[in-house]
Amino acid sequence: MDNEFNALNDFLRGKEFTEAMNDKFFSGKSVGDAPQPNQNGEMSIDEPMIVSENGGMEKEEFEACAFMMNVCKNMIQQNIIEAAQKYNIPATEAIKSIEAWVMGLSAFPFPLFNFESSQSNKYEEKEFSMNVTDAAIDAVVNIKNVPSLKDSVVKALRANAGQLGKYAEKKQDFKFFGVINGYTKDSGNMRVISFTLNTQNIEVKTFCGGVQKVNLTSAYDSYYFTVDKYIMISMYKRVKDKIIDEIVKYFMDFIQLMYADLYKNYKSKMDEVFKNKK
């Protein structure tokens, strides 16, 4: 282990981190991995959209948690790319896999976030009036209690294919995957969203001429995780002056050394995701 990481090494081998790992993986309290999403396949954006909401946490603590979540995202992305390489799947394609991200976030052997529950829903409407206002999305993105979801979906849609009312093709399939992190003064949570929007443009004839309407189907899977902000902050204090790539390598080396069986099981699950894509 690198001498520059002595403080982190002591923490990872210490009581607080060890108890958190035991509680998540060895106590029988965990509800297990998140179920694989119904809304799967490749997302329509280059990588997951990460949104962080501060609901009253001190600025320094919020920055610490956001930094550590970014570290975790990088670790999981590295695992996804490595698993995909075994099956000759390019990295740019691999990191768009919704199934891989859900598996990584729920099963990665690290105690910073714990899967709690999931929900799914579907929305359909024929001859939906598709205009360019955010109100159009309100009717579709009906996931309750998820701050910033609508804004992040709208942003992704417009970045991907321009404004909704300007689709050039008769049919359009859009897949969104996002991670919304919410923090309060005393706690944190993570909401993972797998969302699909399928549209088919149709021409509706009226006395005044043709009107563009849309047959619309949308559906989502949502996963709720609790976040251990105290461990995040403790870790951040020990790595805040380090480069993220160095932190990722250190954590990965530590997990493979100290929790080899957990990591092997996790890697096997990730491999299965891409084995099924061959």
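Student: Before we start on the charged pairs, what counts as a salt bridge here?
Tutor: A salt bridge is a side-chain nitrogen of Lys or Arg lying within 4 Å of a carboxyl oxygen of Asp or Glu. Please keep in mind that what we are looking at is a predicted model.

Student: OK, and how many salt bridges does that rule give?
Tutor: The count by this rule comes to 9 salt bridges. One of them pairs Glu82 with Lys267, whose closest N and O atoms are 3.2 Å apart.

Student: Which helices does that Glu82 and Lys267 pair link?
Tutor: Glu82 sits in helix α3, which covers residues 59-85, whereas Lys267 belongs to helix α10, residues 260-275, so that the pair links distant parts of the chain, 185 residues apart.

Student: And are those two buried or exposed?
Tutor: Glu82 is partly exposed, having a relative accessible area of 29%, while Lys267 has a relative accessibility of 14% and counts as buried, because the cut-off for buried is under 20%.

Student: What about Lys242, which residue does it pair with?
Tutor: Lys242 forms a salt bridge with Asp241, and here the closest N and O atoms are 3.2 Å apart. Lys242 is buried, at 15% relative accessible area, but Asp241 is exposed, at 62%.

Student: Where do Asp253 and Lys249 lie?
Tutor: Both are in helix α9, residues 244-258, where they are 4 residues apart, or about one turn of the helix. Asp253 is partly exposed at 33% relative accessibility, and Lys249 is exposed with a relative accessible area of 54%.

Student: Staying in α9, is Tyr250 buried or exposed?
Tutor: Tyr250, which lies in helix α9, counts as buried, with a relative accessibility of 5%. Its side chain makes a polar contact, at 3.3 Å, with the side chain of Asn9. Tyr250 and Leu8 are 242 residues apart in sequence, and their C-alpha atoms are 9.4 Å apart in space.

Student: Switching topic: which residues of α2 are buried?
Tutor: In helix α2, residues 15-25, the buried ones are Phe17, Ala20, Met21 and Lys24. They lie on the same side of α2, because they cover an arc of only 95 degrees around the axis.

Student: How many residues are in the largest nonpolar core?
Tutor: That core has 78 residues, and those with the most contacts inside it are Phe110, Phe113, Met235, Phe251 and Phe274. Helix α3 gives the largest share of this core, 13 residues.

Student: What does Phe113 touch?
Tutor: Setting aside residues up to four places away in sequence, Phe113 touches Lys24, Met69, Cys72, Ile76, Leu105, Met190, Phe225, Thr226 and Val227. Lys24 is also one of the buried residues of α2, and Cys72 is buried as well, with a relative accessible area of 1%.

Student: Since cysteines came up, how many disulfides are there?
Tutor: The structure holds 0 disulfides. A disulfide is a covalent bond between the sulfur atoms of two cysteines. Cys65 is buried, with a relative accessible area of 0%.

Student: Where is Ser97, and what is it in contact with?
Tutor: Ser97 is placed in the loop between α4 (91-94) and α5 (98-107), and at 2% relative accessibility it counts as buried. Apart from its neighbours within four places in sequence, Ser97 is in contact with Gly41, Met43, Val273, Phe274 and Lys277.

Student: Last one: what is phi of Asn88?
Tutor: Phi of Asn88 is near 55 degrees, a positive value in a residue other than glycine. Most residues other than glycine have a negative phi. Asn88 is found in the loop between α3 and α4, where it is exposed, with a relative accessible area of 72%.

Conventions: Residues are numbered from 1 along each chain as its sequence is written. This is a predicted model: local features need pLDDT of at least 70, side-chain atom pairs count only at pLDDT 80 or more; totals for chains, interfaces and linings use all residues. Side-chain values use heavy atoms; hydrogens and water are left out. Helices (H or I, at least four residues) and strands (E, at least two) are DSSP runs, numbered from the N terminus. Buried means under 20% relative accessible area, exposed over 50%, partly exposed in between (1.4 Å probe, protein chains only). A polar contact is a pair of N or O atoms within 3.5 Å; within protein, one must be able to donate a hydrogen and the other to accept it, and residues adjacent in sequence count only if both atoms are side-chain atoms. The arc is that of the directions from the helix axis to the C-beta atoms. A nonpolar core is a set of buried Ala, Val, Leu, Ile, Met, Phe, Trp, Tyr and Cys residues joined through side-chain atoms within 4.5 Å. Contact means heavy atoms within 4.5 Å. A disulfide is a pair of cysteine sulfur atoms within 2.5 Å.
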